[in-house]
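These are my notebook entries on a predicted model. I wanted to look up a few side chains and strands one after another.

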Amino acid sequence: MKTKKLINDGAAAADEMLVGVLAAHPNHLRAIEGSPRSIVAKHGPRAGKVGLVIGGGSGHEPSFLGFVGKGLADAAAVGNVFASPPPDPIIECAKAVNNGAGVLFAYGNYAGDVMNFDMAAEMLTMDDIEVRTVLTTDDVASAPIDQRDRRRGVAGNVFVFKAAGAACDLMYSLDEVERVARWANDRTYTMGVALAPCSLPQTLKPNFQLGDDEMEIGMGIHGEPGVARGPLKPADQVTTELLDRILGEMQPKQGDRVAVLINSLGSTPLMELYIIMRKVKMTLDTLGVDIHLSLVGNYCTSLEMAGASITLMHLDDELQRLIDHPCDCAMFRSGEVL
């Protein structure tokens with residue numbers, strides 16, 4: 001059975017989307033001439049400021065291009081659906097936002113992204129542009145804690161990018177921006193659950209199978225296998241299962257502060273996300289953990305996949321200041337998706 005999508009040509013979907021994004025957000029975004037997959041902030045890059053370049057495959061909107069703007073990322077390189085951008089648009093992004101203080105690459109830990117961003121960094125070195133890299137690895141389900149460097153980057157990207165972008169906007173040095181991004185990543189944890197598959201525009205076929213009464217804990221945002229498949233449970237039980245994995249690693253103490261992200265994987269509606277948020281708040285209240293910031297909605301999606309993820313960032317004073325720092329992006333402003 002084929003799925004239904006409002007597209008013209010599956011192979012052109014990413015490019016046609018970018019044309020629409022630029023038409024909708026001309027005050028925030030521009031594409032580099034001759035490199036339409038390189039999306040740059042209209043405001044933000046400036047002399048002496050570290051440039052923050054993020055990126056990855058399309059199909060995860062508002063990640064990644066939705067977080068390009070003043071106070072957050074300076075540019076995003078956009079790949080095909082669920083595919084890494086090639087080196088060329090990454091290089092063009094870095095050149096466009098290099099203002100003498102160096103460039104930080106921040107992106108999810110996926111083999112294709114690592115290969116292409118590393119290749120871009122090597123080529124930029126030949127042009128005397130200093131590049132540092134921070135991989136996001138917040139997906140608790142994707143590897144054991146003693147192999148955290150093998151974990152995938154998922155919705156926790158939002159908090160890591162937010163902290164790094166604020167540090168750039170506050171004119172931190174490249175060393176300090178890199179330190180902040182690594183610290184933010186170390187303090188960010190995500191667990192997700194999938195309820196139904198998505199389909200690629202090119203194939204219009206589900207990219208995995210789940211029974212009508214099944215769910216899968218820990219599935220990745222490209223359909224990577226999770227850690228447990230079983231019967232669908234009530235929202236409170238699912239939320240507790242996800243939170244137990246996160247809190248088991250985070251080990252928060254009474255009086256600690258967190259930022260919370262309840263993220264839809266694409267088609268799960270706000271009603272269900274707020275039901276999850278309700279249980280998260282009840283659980284954290286019982287532990288005496290304060291929610292400093294909560295975000296609920298579509299932040300890192302997987303086309304029309306049904307399901308949700310919970311992300312907690314374990315805040316300290318510095319991370320709280322950076323998370324609170326103003327930003328003005330096409331799809332994210334001062335802590336709210338528009």
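Entry one. Are Phe64 and Phe161 buried or exposed? I looked up both residues and found that Phe64 is buried and that Phe161 is buried as well.

Entry two. I then turned to the aromatic pairs, of which the count is five. In one of them, the ring centres of Phe64 and Phe161 lie 6.2 Å apart with their planes at 50°, so I noted this pair as tilted. Phe64 sits in the loop between β3 and β4, whereas Phe161 belongs to helix α4, and the two are 97 residues apart, so the pair links distant parts of the chain.

Entry three. For Phe67 and Phe332 I found ring centres 5.6 Å apart and planes at 80°, which is over the 60 degrees needed, so this pair is edge-to-face. Phe67 is in the loop between β3 and β4, and Phe332 is in strand β15, 265 residues away. Phe67 has a relative accessible area of 2% and is buried, and Phe332 is likewise buried at 2%. Together with Tyr299, Phe67 and Phe332 form one aromatic cluster.

Entry four. I also looked at strand β9, which runs antiparallel to β8 and is joined to β8 by two bridges, with Val193 standing opposite Ile217. With β10, β9 pairs in the antiparallel sense over four bridges, and there Glu216 stands opposite Arg229.

Met119 lies in helix α3, and its relative accessibility is 37%, so I wrote Met119 down as partly exposed.

Conventions: Residues are numbered from 1 along each chain as its sequence is written. This is a predicted model: local features need pLDDT of at least 70, side-chain atom pairs count only at pLDDT 80 or more; totals for chains, interfaces and linings use all residues. Side-chain values use heavy atoms; hydrogens and water are left out. Buried means under 20% relative accessible area, exposed over 50%, partly exposed in between (1.4 Å probe, protein chains only). Two strands pair if DSSP finds at least two bridges between them. Rings of Phe, Tyr and Trp (its six-membered ring) pair if their centres lie within 6.5 Å; planes under 30 degrees apart count as stacked, over 60 as edge-to-face and the rest as tilted.
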